[in-house]
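Good morning. I will go through one structure today, starting with a few salt bridges and then moving on to the sheets and a helix pair.

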Amino acid sequence: MRFGRSARAAIIGFALTLGAVACSSGGDPNTSAPPSADAAGGLEKTQLKIATLPAIDSAAIYVAIDQGLFEKEGLEVTPQVVQAAPEAIPMLVKGEIDAMFGNYVSMFAAHDKQALKLRILAEGSRAAPDSLSIMALPDSPIKTPKDLEGKTINVNVLHNFQELALTQVLKANNVDPATIKYVQVTFQNIMPSWKGGQIDAAYLGEPMVTAATATMGARKILDPASGPAAEFPISGYVGTQEWYDENPKTAAAFQRAIHNAGKLMANNREVVAKVLPNFTQIDAATAATVTFPYFSSNDNPVRLQRVADWMLEAKWLTKAIDVKTLMSPTTSG
């Protein structure tokens, strides 16, 4: 089956999205302006270099730039694009960047292994209904979640957020997660592996869900962002504890800008669609139709604690993590 231009762009965009790997509170940031940098007593530094991913999930930083929200806080932010979060961790530790955008599972694992002492600066994205999907081909015998038992499903990286969230949703649907075989499949090989029978069901995210439905007639079997994994936190903006201790006012200004971007994005889909073609390979037509994740406009240690608790349950951590101790104080309204 051949894909049209928009469908190909959607598939490429999804690959970048998971390599990163809206129920935000409303309100226009311009109606309740936060204190300016000068009013806050000045910033420790005003120029920041932030490692980002060419993914939908990292849109807030680009919206904040496009809408002048960083400038309003006295910040000049330069994104430095990397293809996967692990690339940026050594850069963060060496001080080559000020902060990075990445998925929490990778960040908590690095913190657990003492590869870095983590400080969460601001939440980024959370899974939204229909933004992720376990899908079957039209002629597949898989009709219900129970039919997934004993089947092979792709993930982009083993032992990461895809598998972590799906395990909880499978249990909630009376499916034994231990029977699922996960295989790591590169993005360009998902479709050939699926159509060739190497995987029984495909674990897809937007914009690939839209592309598979439209071009292949694929059927949704289960939403990995449902039930216990509803609004599952995927990615956020993090730095080191040392950097945070040296730059607390700068960190607070950055957080305010990201939170205000989240508020703006919740009420105005167009501001997200506008920036996506600038840092992803998602074209304007696809950006206008895909399901976005939720973009956080506040930080919530309770929902984020789920990630660490599930990682500990899966034995992906050597010890419990109290997420609240890693989070920055919320300075935005």
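Which residue forms a salt bridge with Lys274? The partner is Asp66, and the closest N and O atoms of the two are 3.2 Å apart. Before I go on, note that this is a predicted model. Asp66 sits in helix α2, residues 59-66, and Lys274 sits in helix α11, so the pair links distant parts of the chain, 208 residues apart. As for accessibility, Asp66 counts as partly exposed, at 35% relative accessibility.

In total, the count comes to 10 salt bridges. One of these joins the side chains of Asp98 and Lys45, at 2.7 Å from N to O. What does this pair tie together? Asp98 is in the loop between α4 (85-94) and β3, while Lys45 is in the loop between α1 (5-18) and β1, so the bridge connects parts that are 53 residues apart in sequence. Is Asp98 buried or exposed? Asp98 has a relative accessible area of 8%, and the cut-off for buried is under 20%, so Asp98 is buried. Lys45, at 28%, counts as partly exposed.

Another salt bridge is formed by Glu149 and Lys146, with 3.1 Å between the closest N and O atoms. Here Glu149 is partly exposed, with a relative accessible area of 27%, and Lys146 is also partly exposed, at 39%. There is a network of salt bridges as well, which links Asp130, Lys220 and Asp223.

Now the sheets. An open sheet of six strands runs in the order β2-β1-β3-β10-β4-β11, and its pairing is mixed. At the edges are β2 (76-81) and β11 (294-295), each of which pairs on one side only. Helix α10 packs on this sheet and touches β1, β4 (118-126), β10 (233-240) and β11. The direction of α10 makes about 5 degrees with that of β4. Within the sheet, strand β1, residues 47-52, pairs with strand β3, residues 99-103, in the parallel sense, over two bridges. Ala51 has Met100 in β3 as its bridge partner.

There is also an open sheet of three strands, in the order β8-β5-β9, with antiparallel pairing. Its edge strands are β8 (202-205) and β9 (219-222), and each pairs on one side only. From one strand to the next, the twist averages 50 degrees. How many bridges join β5 to β8? Four bridges join them; β5 covers residues 132-136, and the two strands run antiparallel.

Last, the helix pair. Helix α10, residues 248-267, and helix α11, residues 269-279, pack with their axes 5 Å apart, at an angle of about 105 degrees. Angles of 65 to 115 degrees count as roughly perpendicular, and α10 and α11 are therefore roughly perpendicular to each other. In the contact, Leu264, Met265 and Asn267 of α10 meet Arg269, Val271 and Val272 of α11. By type, the residues of this contact divide into four nonpolar, one polar and one charged.

Terms used
Residues are numbered from 1 along each chain as its sequence is written. This is a predicted model: local features need pLDDT of at least 70, side-chain atom pairs count only at pLDDT 80 or more; totals for chains, interfaces and linings use all residues. Side-chain values use heavy atoms; hydrogens and water are left out. Two strands pair if DSSP finds at least two bridges between them. Axes are lines fitted to C-alpha atoms, for helices over the stretch in contact, and angles run from 0 to 180 degrees between N-to-C directions. Angles under 35 degrees count as roughly parallel, over 145 as roughly antiparallel, 65 to 115 as roughly perpendicular and the rest as oblique. Contact means heavy atoms within 4.5 Å. Ala, Val, Leu, Ile, Met, Phe, Trp, Tyr, Cys and Pro count as nonpolar, Asp, Glu, Lys and Arg as charged, and the others, Gly among them, as polar. A salt bridge is a side-chain nitrogen of Lys or Arg within 4 Å of a carboxyl oxygen of Asp or Glu. Buried means under 20% relative accessible area, exposed over 50%, partly exposed in between (1.4 Å probe, protein chains only).
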